Amino acid sequence: MTTSLVKPARRRRAPGSSRIGSTVLLVVLSVLVLIPFLWMISLAFTPENDAFGSVSLIPANPTFENFGTAFIDVELGRALVNSAIVALVTVATNCAFAVLAGYAFAMMRFPGSNALFYILISTAAIPVSVTLIPLFLMARGIPLAGGNDILGHGGSGLLDTLAGVVLPYIVMPLNIFLARQFFSTAPTELAEAARMDGAGEFRIFARVYLPLAKPLIAVIAIFSFTGVWDDFLWPLVVTSSPETQTVQLALARFLASGNVQYGPVMAGAVIATLPVLIVFLFNQRSFISGLADGSVKG
Amino acid sequence: MTATLSTSAGATTRAPAPPPARRRRRRWNRVSVFGLVFVLPAALYIVIFQLIPVLYGFVLSFTKYSPLSRKGPEAVGLDNYAGLLSNPDFGNALLVTGRYVLQVLPLTVVIALALALLVNRPFRGVGFFRSALYVPHIVSLTAVSLIWLWMYSQSGLFNEILNTIGLPDQAWLLEPDSALNAASAMRIWKALGSNMVLLLAGLQSIPKELYEAARVDGAGRWNAFRFVTIPGLKPMLVYVVAMDIIYLAQGFAEIYVLTKGGPLGSTTTVNYLIYTQAFQYNQLGTASAMAFVLFAFIIGFSFLTMRSLMGRQK
């Protein structure tokens with residue numbers, strides 16, 4: 001009773017001042033969070049001789065030289081092509097298989113479908129290190145690949161190939177989950193009507209529901225792309241030569257030289273970040289709502 | 001006519017004996033058979049490349065196996081697990097991983113919650129702040145680690161700042177005492193954005209009426225936060241904490257770039273140890289056993305955390 005009398009007065013002071021206060025706080029925090037990136041960009045354009053000891057964010061003698069060095073020293077161009085191939089295949093297979101499966105789990109229940117769904121989804125929680133070694137051995141033992149015989153012996157299988165890099169990403173369980181969530185809110189009347197008209201099941205999926213699923217496809221494409229683009233451990237394990245390495249590994253190769261040249265490193269980091277940043281800037285909404293949708297429901 | 005069309009299409013995709021199955025169980029209608037067909041490619045893939053590897057890895061953990069040897073895995077029973085008990089490196093790696101999770105997790109969740117509360121109200125430029133704070137999440141861990149490697153380096157940003165205010169240089173990543181803290185600071189910063197966005201989504205799913213009701217009941221800001229926000233946020237909070245535990249306990253890329261597990265093993269996480277055991281020392285059996293012990297710890301720890309977070313609801 002007494003609190004209800006006291007509290008409003010205390011709140012009165014708040015709105016104006018706290019709004020300004022929280023905006024100032026946000027500006028400070030955003031700057032703090034962004035400082036490392038601003039330095040990354042700055043160093044990418046700073047000549048190697050000026051890299052240390054300068055406290056200025058804007059390079060005195062800006063140069064593009066570091067980008068050239070990055071492309072030559074760690075074969076960044078090759079790595080970008082490799083990463084792009086791996087990412088495109090991953091996006092395509094996830095959009096095809098994960099969306100199809102998610103659609104079926106939502107719209108075409110069959111005996112045991114729920115159990116199967118939960119088994120498949122639960123694999124998303126398996127730590128990478130648990131499947132890392134078996135996947136490495138399986139990649140090596142794929143029959144008839146890389147000099148292997150029909151039993152998968154003798155050669156190197158998919159080790160050190162782009163197919164080997166793609167192997168664990170073909171269908172990501174989280175995408176099936178997102179797809180099922182999406183289609184479970186879609187109207188079922190359309191399918192029934194189409195069935196009455198005699199359309200086949202695949203046709204109903206492809207012609208009726210797929211066009212409705214553009215936001216879903218966008219989210220799955222974005223998540224698959226960023227996930228694969230950023231992955232480090234699996235490419236590190238499965239590849240061994242610069243010809244098959246991805247962008248993240250190319251970046252890490254700067255460290256092997258012992259004396260790290262930070263100008264080219266940062267130039268490489270800027271380039272490696274650019275595709276993901278572009279995807280993000282064009283799809284902020286899908287990014288942020290997709291992240292939320294995938295986790296809140298279910 | 002249309003009916004014959006679709007049945008013939010159905011018959012071609014699953015040729016052998018459709019009628020008996022349909023008669024035996026009414027639940028198997030034509031649509032559900034198609035459902036199974038739609039699910040099959042993804043399901044087979046996940047079984048072959050996710051579930052079978054888990055079983056295969058479990059079997060490997062009871063063997064001695066070098067990928068270089070001509071021979072296959074040799075069964076050794078529980079030797080690998082018994083060996084881990086007396087392996088000081090593994091005990092150390094467990095402690096390092098545990099410390100890493102425990103010092104990153106609370107800070108990153110609490111700061112992310114504060115940020116989420118700050119950007120929850122609509123105001124001019126809120127979109128910019130949300131995106132700016134989310135940026136560390138978008139940039140890959142490798143790139144982020146390289147930036148911080150420079151900031152921690154001898155004449156990097158942090159030492160420049162120390163020098164400017166008259167303090168001596170620190171060997172951030174080169175001292176066993178500070179290396180893991182330095183890595184943790186980076187990881188806290190890196191994890192803020194995604195936690196913030198998830199918690200923001202949680203905040204926005206709390207019905208506004210609850211806050212109005214609380215105000216009518218005379219609740220001040222603190223009480224509204226305590227009795228409306230926190231309970232409403234609980235499911236998301238549990239999710240965020242569980243996911244953070246799973247990811248943090250598998251720290252690898254940042255360790256690889258920042259310290260390579262050193263100095264003196266002070267940043268050797270279990271995942272980093274597994275990597276070196278398997279791919280530098282070629283001991284796949286031992287490494288597999290380590291992976292399953294880590295798996296057990298992750299499950300146990302996230303289960304306990306979730307239960308304690310859920311339990312307080314009552």
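Reader: Which residues does Val228(A) touch, not counting residues up to four places away in sequence?

Author: Please note at the outset that this is a predicted model. Val228(A) touches Val86(A), Ala87(A), Thr90(A), Tyr169(A) and Met172(A), when residues up to four places away in sequence are not counted. Val228(A) itself is found in helix H11 of chain A, which runs over residues 214-230.

Reader: Is Val228(A) buried or exposed?

Author: The term buried applies under 20% relative accessible area. Val228(A) has a relative accessible area of 7%, and is therefore buried. Sequence and space may also be set side by side here: Val228(A) and Val165(A) are 63 residues apart in sequence, and their C-alpha atoms are 9.6 Å apart in space.

Reader: What share of the residues of chain A count as buried?

Author: Of the 298 residues of chain A, 52% count as buried. The secondary structure of this chain comes to 15 helices and zero strands. If one takes the contacts in chain A between residues at least 6 apart in sequence, 66% of them join residues at least 24 apart.

Reader: How is the packing of two helices described?

Author: The general idea is that two packed helices are described by the angle between their axes and by the distance between those axes. As a case, helix H4 (residues 76-107) and helix H10 (residues 201-209) of chain A pack at an angle of about 105°, with axes 12 Å apart. An angle of 65 to 115 degrees counts as roughly perpendicular. H4(A) and H10(A) are therefore roughly perpendicular to each other. On the side of H4(A), the contact is made by Val99(A), Leu100(A), Tyr103(A) and Met107(A). H10(A) contributes Phe202(A), Ile204(A), Phe205(A) and Tyr209(A). By kind, the residues of this contact are eight nonpolar, no polar and no charged.

Reader: Which peptide bond in chain B is cis, and where does its proline lie?

Author: The general idea is that most residues other than glycine have a negative phi, and most peptide bonds are trans. In this structure, a cis peptide bond joins Gly262(B) and Pro263(B), with omega about -15°. Pro263(B) has its place in the loop between helix H12 (253-258) and helix H13 (270-279) of chain B.

Reader: What is the phi of Lys260(B)?

Author: Phi of Lys260(B) is near 50°, a positive value in a residue other than glycine. Lys260(B) lies in the loop between H12 and H13 of chain B. At 43% relative accessibility, Lys260(B) counts as partly exposed. Asn282(B) also is not a glycine, and its phi is positive, at about 55°. Asn282(B) is placed in the loop between H13 and helix H14 (284-311) of chain B.

Reader: Where does Ser61(B) lie, and is Ser61(B) buried or exposed?

Author: Ser61(B) is in the loop between helix H3 (30-60) and strand S1 (63-64) of chain B. With a relative accessible area of 0%, Ser61(B) is buried. Beyond four places in sequence, Ser61(B) touches Asn80(B), Tyr81(B), Gly285(B), Ser288(B), Ala289(B) and Phe292(B).

Reader: Which residues of chain B does the UniProt annotation "transmembrane region" cover?

Author: The unreviewed UniProt entry lists several spans, among them residues 31-59 and 131-151 of chain B. Residues 31-59 of chain B are 100% helix, and their end C-alpha atoms are 39 Å apart. Residues 131-151 of chain B are 90% helix, with end C-alpha atoms 23 Å apart.

Reader: What is the mean pLDDT of chain A?

Author: The mean pLDDT of chain A is 84, and 88% of its residues reach 70 or more. Over residues 1-15 of chain A, however, pLDDT stays under 50. It likewise stays under 50 over residues 294-298 of chain A.

Technical notes. Residues numbered from 1 in each chain as written. Chains lettered and ligands numbered in written order. Predicted model: local features only at pLDDT ≥ 70, side-chain atom pairs only at ≥ 80, totals over all residues. Heavy atoms only, no water. Axes fitted to C-alpha atoms, helices over the stretch in contact; angles between N-to-C directions. Helix = DSSP H or I, 4+ residues; strand = E, 2+ residues; numbered from the N terminus. Parallel < 35°, antiparallel > 145°, perpendicular 65-115°, else oblique. Contact = heavy atoms within 4.5 Å. Nonpolar A, V, L, I, M, F, W, Y, C, P; charged D, E, K, R; others polar. pLDDT = per-residue confidence, 0-100. UniProt positions renumbered as here; feature names shortened; annotations may be inferred. Buried < 20%, exposed > 50% of the residue type's maximum accessible area, 1.4 Å probe, protein only.
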